[in-house]
Amino acid sequence: MRASPLRAAIQDKQFASAYYLYGEDDFLKDEAVRHLLDAAVDPATRDFNLDVRKGADLDGESLASLLGMPPMMADRRVVVVRDVSGLRKDARAALEQYLRSPSRELLLVMTAPADAKSDKGLGELAVGVDCEPLTGAQVPKWIMARAEKTLRTTITPGAVELLQDAIGSDLAQLSVELDKLAAYSGARPIDEDAVAAVVGVRRDETPGQLLDAVAMRDAARALALLPGVLQQPKIGGVPLIMALTTQTLALAIGAARGVPAARQSGEYFTLLRSGSSNLTLRAWGEAVNAWSRAHGKWSPADIDHALEALLTADIALKQSRVSSDEQILATAILAMCAGATRRKAA
């Protein structure tokens, strides 16, 4: 989330007149709104000085009335307009008129849903906060911060990695699992044993282990891991195909550019930062290390063959009503690990 001005405002309790939260991650928006309200609204007068409304429920007159109401026994009021993109025409006009001359006694917070386009007009009239999804490299830091600052506990690096392997970058689900882990562990640090017991994932049966086996073209190990990995939360055929595709494209780009071994890690990190659709199903550092180890194991023909196998599997997963996810993925993994030479021999 590109929200350093917002974090500074919350920490210092020095707020702009209005904030506009947009982007693809609704969990980050909700979290930012909670932090804003905790910092800006006196709990003793919260009932009088906080209004939370949905954009589609407001007309011009009701919105103007909300924005014009003074605070009661406090320095400020806070108005939250959720799904601001759903405002009617008259309400939108009232909003823009207010934002051109906002009150010092009101903090206005506007949020847009994940599927809404960024509103340039609101971005110019309010402080824009881009709640973009966290990258694979940022998720471990978020997990650590959530455990320490919100849950007042600690979590080991191994547990962080295992939890991310199992859940991915779904912050809402990670938050739920962290709550359960904190309750389970009590005064003890959250460790790998706790993650295994609560989340139902084992260190030797993670998506990362499966992806590593495919990267090293170890079909037997990959197939042995597949059933257990598919039983884990938030893991299915389509996410695995997406992660395998990201991995295969990374290996292809690394080979095509002829990057020296010493510079491969940096090149792969640059690649991952280049797009939000690069799904790895594990921490970026873990993925980059695995790709570096697999360098030289895939020829251009092998890469082309692997991508064809992944495309076939993707289509089958979305259309087939006969084969299971495990059967479709097993076929793809066997084809990928066998490579182009085996296909020609056949």
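This is a friendly dialogue on how to read some features of a predicted model.

Me: Before we start, what should I know about the numbering and the model?

Reply: Residues are numbered from 1 along each chain as its sequence is written, and side-chain values use heavy atoms, leaving out hydrogens and water. The model is predicted, so local features need pLDDT of at least 70 and side-chain atom pairs count only at pLDDT 80 or more, while totals for chains, interfaces and linings use all residues.

Me: How many helices and strands does the chain have?

Reply: Helices (H or I, at least four residues) and strands (E, at least two) are DSSP runs, numbered from the N terminus. Here the chain has 17 helices and five strands. Its C-alpha trace spans about 80 × 50 × 45 Å along the principal axes.

Me: How do I read burial, and what share of the residues counts as buried?

Reply: Buried means under 20% relative accessible area, exposed over 50%, and partly exposed in between (1.4 Å probe, protein chains only). Of the 346 residues in this chain, 45% count as buried. As for accessible area, it comes from the Shrake-Rupley method with a 1.4 Å probe, and for residues only the protein chains shown count as cover. The chain's accessible surface comes to about 17200 Å², and 51% of that belongs to carbon and sulfur atoms.

Me: What do contacts say about the chain?

Reply: A contact means heavy atoms within 4.5 Å. Take the contacts between residues at least 6 apart in sequence: 75% of them join residues at least 24 apart.

Me: Why is helix H11 described as largely enclosed?

Reply: Eight of the nine residues of H11 are buried, so the rest of the structure largely encloses this helix. Among the buried ones are Pro 207, Leu 210, Asp 212 and Val 214. Ala 215 also lies in H11 and is buried, with a relative accessible area of 1%.

Me: Which residues does Ala 215 touch?

Reply: Leaving aside residues up to four places away in sequence, Ala 215 touches Gln 247, Ala 294, Lys 297 and Trp 298. For another pair, Ala 39 and Ala 330 are 291 residues apart in sequence and 51 Å apart in space, C-alpha to C-alpha.

Me: Where is Ala 39, and is it buried or exposed?

Reply: Ala 39 sits in helix H2 (residues 26-40). It is buried, with a relative accessible area of 13%. Ile 10, Lys 13 and Phe 15 are the residues that Ala 39 touches, not counting those up to four places away in sequence.

Me: What comes after H11?

Reply: H11 is followed by Arg 217, whose phi is positive, near 60°. Arg 217 lies in the loop between H11 (207-215) and H12, and counts as partly exposed because its relative accessibility is 23%. Another non-glycine residue with a positive phi is Arg 152, at about 55°. Arg 152 is found in the loop between helix H7 (139-150) and helix H8 (157-167), and at 70% relative accessibility it counts as exposed.

Me: How do I judge the span of a helix such as H12?

Reply: The expected span is 1.5 Å times one less than the number of residues. H12 (residues 219-230) has twelve residues and reaches 16 Å from first C-alpha to last, close to the 16 Å expected. Its buried residues include Ala 222, Leu 225, Leu 226 and Val 229. An α-helix has 3.6 residues a turn, so residues three or four places apart point the same way.

Me: How many aromatic pairs are there?

Reply: Rings of Phe, Tyr and Trp (its six-membered ring) pair if their centres lie within 6.5 Å; planes under 30 degrees apart count as stacked, over 60 as edge-to-face and the rest as tilted. The structure holds three aromatic pairs. In one of them, Tyr 20 and Tyr 22 are stacked, at 5.2 Å centre to centre with 25° between the planes. Tyr 268 and Trp 291 are edge-to-face, at 5.5 Å and 80°. Tyr 268 lies in helix H14 (residues 264-273) and Trp 291 in helix H15 (residues 284-293), so this pair ties together parts 23 residues apart in sequence.
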